[in-house]
Amino acid sequence: MMAYHFGRGRARLSPYFFLIPGILLYLIIALGPSLATSVFSFTDATGIRGAPIHWIGLENYREFLLLGQASRDNYAALGRTLIFCFFVTTIQFGLGLLVAMLVNQRLKGTNFFRTLYFMPVILGAVIQGLIWSLFLYPLGGPMDQIFEFFGKRSEFFGGPASEAFGWVIVVQIWANMGTTMVIFLAGLQTIPDELYEAAQIDGASGWQVFSNVTWPLLTPSVNTNLLLNIIGSLQAWQLFLVLIGYRNGTQVLGYLVYAQGFGQTSGSMVNPFRQGYAAAASIVLFFLVLVLGMVTQTYLRRREERILG
Amino acid sequence: MRKTLYSLAILLVSLSMVLSACASQATPSPEAEVEAPPEETMEEVTLRVLVHQNPPMVEFMEAFNQKFMEKHPNVTVDMSVVNANDLATVTQTRLTANDVDVVDMFAFTNAALPYMKNVEPPNWQTLIEAGYLLDISGQPFLNNYYPASIADAGTYNGKVYQINLGTVSYSGIYYNKALFTEYNLAVPTTWDELVTACETFTAADIPCMTAGGKDGWPIFVGAYGLIGSLYPDQAALVEGLWTGSIKWNDAKSMEMWDKMKVYAQNMMEPGASGIAGDAAPGRFASGAVAMFSGGTWYAAAIEAAEPDFEWGYIPFPGSDNPEDNKYLFGKYDQGWVIAANSPNTEAALMYLADFSEPANYQEFANTVGFFPTQPGATLDTQIGQEVAPYLENFRVGYEQYWVAPKGAGQYANPWASYFQPFGEFDDAQELADKVQEDLQSGLDASQ
């Protein structure tokens, strides 16, 4: 039996006192604002301190989910969020795995390529946006010239919503693929070389080595990446702000929350700040992330137990 | 144990002090006494000024700040510049954080009118009601401005909170005089003439029209003349839309949508959506395009980009009847407000007073290209001369009146940018029906 190291009697409680600062910090910085958001979602708060706040019950939720065409636009944004999540997660996951396997080879220059692929991650959303705005500049930018070579034209981020939305998916993957790659790379490097040698001696093909050795032993990395990709893409909004701004047919829920909370601007019209309404939208987003996150996590945990025991 | 409890008590006291410090910012006091003390008694102060990105204005403000600091050596001006699209957010954030003294704020517009139901009050109204803007009623420098501009753009519930610095028009087109001469084209006064001019330029491989479309709105703002030629009384247009006497898909409005499609697809240059707002004047001044649909505030930037470039400015001819095209639509533009919480109220009032001196204001109007809101001032620049014939027909535009009902869909506005290649729509009737449907949905929900 292990000895208890914190004394006897009342002294046994001392670890809990040491935990208090951390818990208070968590309450103030993380849980507090989250709870406040859920309370604000039942008010008409504007976010302007000192402005009167009224308790309006479920009105924000009614408006978000049921009121007129705006609510149907919100459902469209919800659908778009799921589409964004699906494409970003699957492509980023696949590309990240592929690139990690490539830069895990014992070849010259792998460190350079690891750095190169990871570099976009360390750039902020504004820099990422600037790079891609220049790359996709529709009046003679590099991609415009490639399009022109094939006799095509595009406004890229300024074009029809579906097209602009597709380009944001591309940028999101480019911006975050490095993280996926690094997690896979860390996982690949934990797989003992002996297993590969044994498989080769047994005459396993490349695919058999991957499917029977690499893939099962990468399970923890697979789980981590899937969860991070799903949650990250569901919450995405910064690139939408930087690359597109408030454009019909392109909003995802995360951006909708920002636009409603801080008054999207159109021409010289600045819509009122509606942080109560934005809080309701963010609660809807929270439940979406929660449900998808929990379903995914449950599935992945069972899969991990099945594979690794 | 006593030590543990003692430590815990210290921790809790420290925490409460931190929280108190966070919460101890003064309650807004809009009714604060604002009488300025004699300047010699004033301490050293840093006056925090917030303006939006508008290159000529920023240039003027930097020079003005220098002069102001020389005149008032105890004041240091710390000016921040933000993108126009971010101004409202930054203003709200910095006002509530008590981190700013003087703010460049757009005129008080988009008020909820009696016939509008179920709408949110505009931000400026909320800021005033929350006590963030200083009541500057009775300040001597207000007398330098047209009473109408003070009343229309800076007054709420009988109190003055803003001095408005000028009006601008956004429904005109800059045209390249050399290109029009080279191709023997008359300056268009009707829609047909505009279409012909564009066809001529396009055939010569010269883009007809450009705009700073990266910011989104410049693409559709240029086409305000199309709305204006049909609905010259834009306040009545907004009321008609709210009351149902005007619909965006009725026969009259369809004429507008058909022309907007031509504007978006045949007149605006491909790629315009990538041009930043402050880069568009330079592109026009380079001579690469024949016309530039945009506001009068771009004139100074065009001149700065290419001083010898010859250009003119006309109202957007949206109708085939020249009489319908004589209107310029626009707005009261920016103004100055003072933070009610400002610890530097005296310096802020001096700043506004100095700015409002006729000589300084005259220089500001000429630099920025605003139509003056001071009676003695004139717009002596080229844009002033270009616009002078139309000023008697200046009208406040739709954007300044429109407030969307809750529940309205995202397409409930008459924007040309909904058309391909900038938007999804190719069919004018389909778009008109969608716009009306989105608006009607909000109107029905607000009943």
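Is B:Asn110 buried or exposed? Count the C-beta neighbours inside 10 Å and you get 26, so B:Asn110 counts as buried. Before going further, keep in mind that this is a predicted model. We'll come back to that asparagine once the rest of chain B is in view.

For the complex, it gives an ipTM of 0.82 and a pTM of 0.81. Chain B has an average pLDDT of 87, with 91% of its residues scoring at least 70. Where pLDDT is low, the predicted coordinates should not be read in detail.

Now for the overall build of chain B. Its secondary structure comes to 18 helices and 14 strands. Along the principal axes, the C-alpha trace of chain B spans about 90 × 50 × 45 Å. The radius of gyration of chain B is 25 Å, which agrees with the value near 22 Å that a compact globule of 447 residues would have. Buried residues make up 52% of chain B. And if you take the contacts in chain B with a separation of 6 or more, 80% of them join residues 24 or more positions apart.

With that picture in mind, let's look at some backbone details. Most residues other than glycine have a negative phi, and most peptide bonds are trans. B:Asn110 has a positive phi of about 55° although it is not a glycine; you'll find it in the loop between strand 3 (102–106) and helix 4 (123–129) of chain B. B:Asn184 also has a positive phi, about 50°, and lies in the loop between helix 6 (177–182) and helix 7 (191–203) of chain B. B:Pro421 sits in the loop between helix 17 (398–401) and helix 18 (428–445) of chain B.

Finally, how do the chains meet? On the chain A side, 43 residues are in contact with 53 residues of chain B. Elements of chain A giving two or more residues to that side are helix 1 (14–40), helix 3 (68–103), strand 1 (265–266) and strand 2 (269–270). Helix 1 of chain A supplies the largest share, five residues. By type, the chain A residues on this side divide into 19 nonpolar, 16 polar and eight charged.

Note on methods:
Residues are numbered from 1 along each chain as its sequence is written. Chains are lettered from A and ligands numbered from 1 in the order in which they are written. This is a predicted model: local features need pLDDT of at least 70, side-chain atom pairs count only at pLDDT 80 or more; totals for chains, interfaces and linings use all residues. pLDDT is the predictor's confidence in each residue, from 0 to 100. Helices (H or I, at least four residues) and strands (E, at least two) are DSSP runs, numbered from the N terminus. A residue is buried if 20 or more other C-beta atoms lie within 10 Å of its own, exposed if 12 or fewer, and partly exposed in between; C-beta atoms are placed from the backbone. Two residues are in contact if their C-beta atoms, placed from the backbone, lie within 7 Å. Ala, Val, Leu, Ile, Met, Phe, Trp, Tyr, Cys and Pro count as nonpolar, Asp, Glu, Lys and Arg as charged, and the others, Gly among them, as polar. The radius of gyration is taken over C-alpha atoms; the globule rule is 2.2 Å times the number of residues to the power 0.38.
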